[in-house]
Amino acid sequence: MAEAHPVGFQWVVEAKKRGARIIHVDPRFTRTSALAHQHVPIRVGSDIAFLGGIINYVLENELDFRDYVVSYTNAATIVSDTFVDVDDLDGLFSGFDPETRTYDPTSWQYESEDTDADLHRSQADSSGDHVEHRETAAGMQHESHGSSVSARPMRDETLQHPRCVYQVLKRHYARYTPEVVEQVCGVSQDDFLAVCRAWTENSGRERTTALVYSVGWTQHSVGVQYIRAGAILQLLLGNMGRPGGGIMALRGHASIQGSTDIPTLFNLLPGYLPMPNAAKHHTLTDWIESVRNPGAKGFWANAGAYGINLLKAYWGDAATADNDFCFDYMPRITGDHGTYRTVLDMIDGKVKGYFLLGQNPAVGSAHGRAQRLGMANLDWLVVRDLFEIESATFWKDSPEVETGEIVPEECRTEVFLFPAASHVEKEGTFTQTQRMLQWREKAVEPPGDATSELWFFYHLGRMVRERLAGSDDERDRPVLDLAWDYPLHGDPEQVAAGWGEPSAEAVLKEINGYEVATGRPLSTFTEMKADGSTLGGCWIYTGVYKDGVNQAARRTSRHDQSPVAPEWGWAWPLNRRILYNRASADPEGRPWSERKAYVWWDPEKGDAGEWVGDDVPDFEKTKPPSYRAPEGSEGVEAIEGIDPFIMQGDGKGALYVPQGLVDGPMPTHYEPVESPFRNLVHGQQGNPTRKEYRRDDNRMNPVPDDDHADVFPFVFTTSRLTEHHTAGGMSRYLEHLAELQPEMFVEVSPALARERGLEHMGWCHVITARSAIEGRVMVTERLRPLRVEGRIVHQVWMPYHWGQSGLVSGDSANDLFGISLDPNVLIQESKVGTCDVRPGKRPRGTALRDYVDGYVARSGAVDHVVPVVTASADAVRRSHDVQEDGKDQHAPHQVEDR
Amino acid sequence: MIGRNSLFGPLDPAPDAGYEAPPPRKGFFTDTSVCIGCKACEVACKEWNDVPENLFQMLGTSYDNSHSLNANQWRHVAFIERPGRSTAPDQPDRLADPATPPVDIGMPTVGAPPSGVPDEAKPDFQWLMSSDVCKHCTHAACLDVCPTGSLFRSEFGTVVVQDDICNGCGYCVAACPYGVIDRRTGPEGDPSVGIAQKCTLCYDRLTDGQRPACAAACPTESIVYGDVEQLRQQANERVAALHEQGVMDARLYGNDPEDGVGGTGAFFLLLDEPEVYGLPPDPVVTTKDLPHMFTRAGMAGTALLIGAALSFVRRRS
């Protein structure tokens, strides 16, 4: 955190000054470790084993916050008797189809009192086709949608039923003993138990613990399950929805949270509405019902209003009830259009053009060579950036020019490089990890021809529409009917000439939403109407322009307001600073403790009592804790007074996820795709459902049991240095930053240096099946070998900030990674791999490819494809059989899926 | 204007320099126990003061690529990788193991340290970080020796170079007991090449009521700017708090008005001996002995004169 988020780290330092104990779990000793009381080195890629061990510690010793767990989580919910856990299936859950490598999750569902026929309209849609879920990264929708399960599953609040989630969880993690953690993670039992004690002793009624992770945690083939493991722990210990608790994702750039809220993703629309699918969403109703999940609890019941307001924001007056609010104008997805699929499609000649904005995939994305070869096979490429980055110059100076794979004279891609305005040169908002929007004023004019993204896309759209004006071609209607009318401001001459800067505040007002007839900005998303009388571009942001005031621009001093500081910026939804904060009070609505009082029920307030506190209650203001839903209710009405997790189908925090995840209802330890170790916990080596692209240009290093696994004997990982920003596009070109870390280097332990003959400050190169890169050797005790499964493993660390351009240049660590993706969200495994390290510089020119090919041949990766499913044949068959049984019992609709 | 302690001993420098009713003396308290080595101070300093590039070279001294304070580096963050002194109970006795160095003398480790302890058995070691800066001494030798008046004592008690007056003689470079001030050697074309350069404590910001750039940029309040009197008190409290938390190595450096430079305007909380951070353990203002020397030189001169006079007397007689 101190390395990549030094400004946020000030609060850790502040806590330390007040006596907090800091423990840092990280493969290497970093700037964060330097200030921690204890550094716990861990093997890269073994985090689920580590967290699973803590979950086991909590459950074995009954250290969970029982009152919280019983009332606010699904611990008491009974799981279907057809569910079979990984322990009985060699690392697979029940319902595995070895052909498609996906699960039929029918057997993962809750037991229900309802009849089978009803099981459940709400469950049916989402539990369906996992092949398609993986293709479309459908897990991202569940990020906010939660599981759309039955509102009224069977529960045993004594937690004694052998199939209640609590007992299922307890059995699932029983294997993760301190001994197993030591064996798998290389963490001593003393260190491990110190973490267990610190976490549990600092949780409960009187105290809360925050879990803070940076996004490297997500970049694994089991990345989503890493976060899930953290969520399970935080729920068990009662740390969600309470002050000082929660799970904080420290994002890699400014406004990454904003770029998922109003997404730059192929499968999502603003406010986490799904991108319509060509096969499933033929009509507006299909689309809305798939979000709404009739029968489930919660605020997604209003999805119709959210979706129609978005369509109205896009197409304005053209969107009417008669034409389904122009739903047919919406593009549809047909499968995997993720960034890595797109890159491989570029190599295969299936993509013509590409826009890059503030992104430098030539050096910043996994498998740099594939990225560059892909971009070299386009008709055109638009790059908007602050500097002439590698993604704009790859055709003339990339490593592939040296190897002869790209010939500048013959490269067909026409590159259009546009200078972009930086964040201080344009107005707008950043949304940070607390979901807080903060408005930025433009401080200075952008230099030269540099312009904002808003300017670029507004005028690009305007010019395209002018070009198409008068067209009567049906396919041009979506563009011509767009509401594309933003007021321009800035330099009067430019405005007069039609080239002014669109008002970002006008865009914010549209995002917020307003009444069409009067223009009155909406105050809350509950004012959104499904009849076209209101419009709004992102329902979760409604309220940011409440009363016509830019709430994101508020800057009231913390000294002049409550400790929650509600008047600094604006947080979605409805300016709530802590989500699900109903959980900060006990089931009767009283604070769990005076020390942690935050939001509570005041029976004296209003007509018949109200939720009050420092923050905006994340609950219906006048719904008392004693409220119980009437029989047959759904949606908001079905949320009971003790259901704090109002976006979940059952109102409860999910310790066990019956649907929404492609790779299983509970996190289980799988080895990284490339690992020098066999999975000690199961026969199933890696995530069996991971997304793979098996091609000659995307080979993976072999894993043990293969005779050649020792060709790549070391584990490597990459991350950032404080001195640089991501792939260096904003730091390598600036003198004052570039000089701080002027060269690419490779950190190794003294022991590995001895073993491989590496000299401090000499050169070395690192080799994988994809490429070989070089760097200066940094021998340091900050890296230390670990003892894993009884033998010593060396870990190598590299920063990934360099490329061939800029004031300081060097090889890109991202060239070493292949493409293997998490099946839920299609994020790449770019934080762990295996490699070899050798002294000296790498070969140059065509010799480089020969050298790498030699390694590939020696590793056997040419003829021998690493098997993904390694659980025993018997386990695979039995897992599959459960699926067959499940079909008969519960879900006849499943037959037609796939 | 020369007072009893003008060259040595406790003193409030601004009134001593002739300011009438100056503002309270300003300085830095750099608490290295919360420094995270982010180098924001280095960058903010260079941005505000337009300090050009320094080395552009990887040095291999941990994460320090700035090397030292010099004309192009007015803030410098040192990184010291140091093996822990405690020996874990399950480890072989270091002294009994002939392969291990017998005694850790606390010198900074540069690059790969030799080590015979199996790596997996290493105890936690320390990674010390510290942002160094001009000390703005109570008795500033650079100022004392400057023949042009380019270096002056500001009303804030700080020591500042005036680029347009400095003639580049370099007396100050030799005079500084910390090796802070230096003449700029590059880059070519820079107007200040040949001119003595160092931290001004952002004199141009102070006169506008603002904090120095490095203190404003420091995310963890490792660099605190304020009235020296208050900072000294704050530093004492911080040391006491750290001692209470069991960090017995915490100590102050430069806070003592009785030390060799009369205490510094920029002083430090360190977690080890000053030498480990590359700081002189007992700096003394190089002009301390000027009165002595003057007296002695005077005596010698007088003796010479008397001798000469006597010789004439004798000749006459």
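In chain A, 71% of the contacts with a separation of 6 or more join residues 24 or more positions apart; two residues are in contact if their C-beta atoms, placed from the backbone, lie within 7 Å. This is a predicted model, in which local features need pLDDT of at least 70, side-chain atom pairs count only at pLDDT 80 or more, and totals for chains, interfaces and linings use all residues. Residues are numbered from 1 along each chain as its sequence is written, while chains are lettered from A and ligands numbered from 1 in the order in which they are written.

Chain A has 27 helices and 30 strands. Helices (H or I, at least four residues) and strands (E, at least two) are DSSP runs, numbered from the N terminus. The radius of gyration of chain A is 27 Å, close to the 29 Å that the globule rule gives for 898 residues, so chain A is as compact as a globular protein of that length. That radius is taken over C-alpha atoms, and the rule is 2.2 Å times the number of residues to the power 0.38. Of the 898 residues in chain A, 54% are buried, meaning that 20 or more other C-beta atoms, placed from the backbone, lie within 10 Å of the residue's own.

One open sheet of chain A consists of 3 strands in the order 9-10-11, with parallel pairing. Two strands pair if DSSP finds at least two bridges between them. Strand 9 and strand 11 of chain A stand at the edges, each with a single partner strand, so one side of each is left without a neighbour in the sheet. Strand 9 and strand 10 of chain A pair over 5 bridges, and L356(A) stands opposite V383(A) in strand 10. Helix 18 of chain A lies across strand 9, strand 10 and strand 11, running at about 145° to strand 11; axes are lines fitted to C-alpha atoms, for helices over the stretch in contact, and angles run from 0 to 180 degrees between N-to-C directions.

The contact between the chains takes 39 residues from chain A and 31 residues from chain B. The side of chain A that touches chain B divides by class as follows.

| Class | Residues of chain A |
|---|---|
| Nonpolar (Ala, Val, Leu, Ile, Met, Phe, Trp, Tyr, Cys and Pro) | 21 residues |
| Polar (the others, Gly among them) | 8 residues |

How values were computed: A residue is buried if 20 or more other C-beta atoms lie within 10 Å of its own, exposed if 12 or fewer, and partly exposed in between; C-beta atoms are placed from the backbone.
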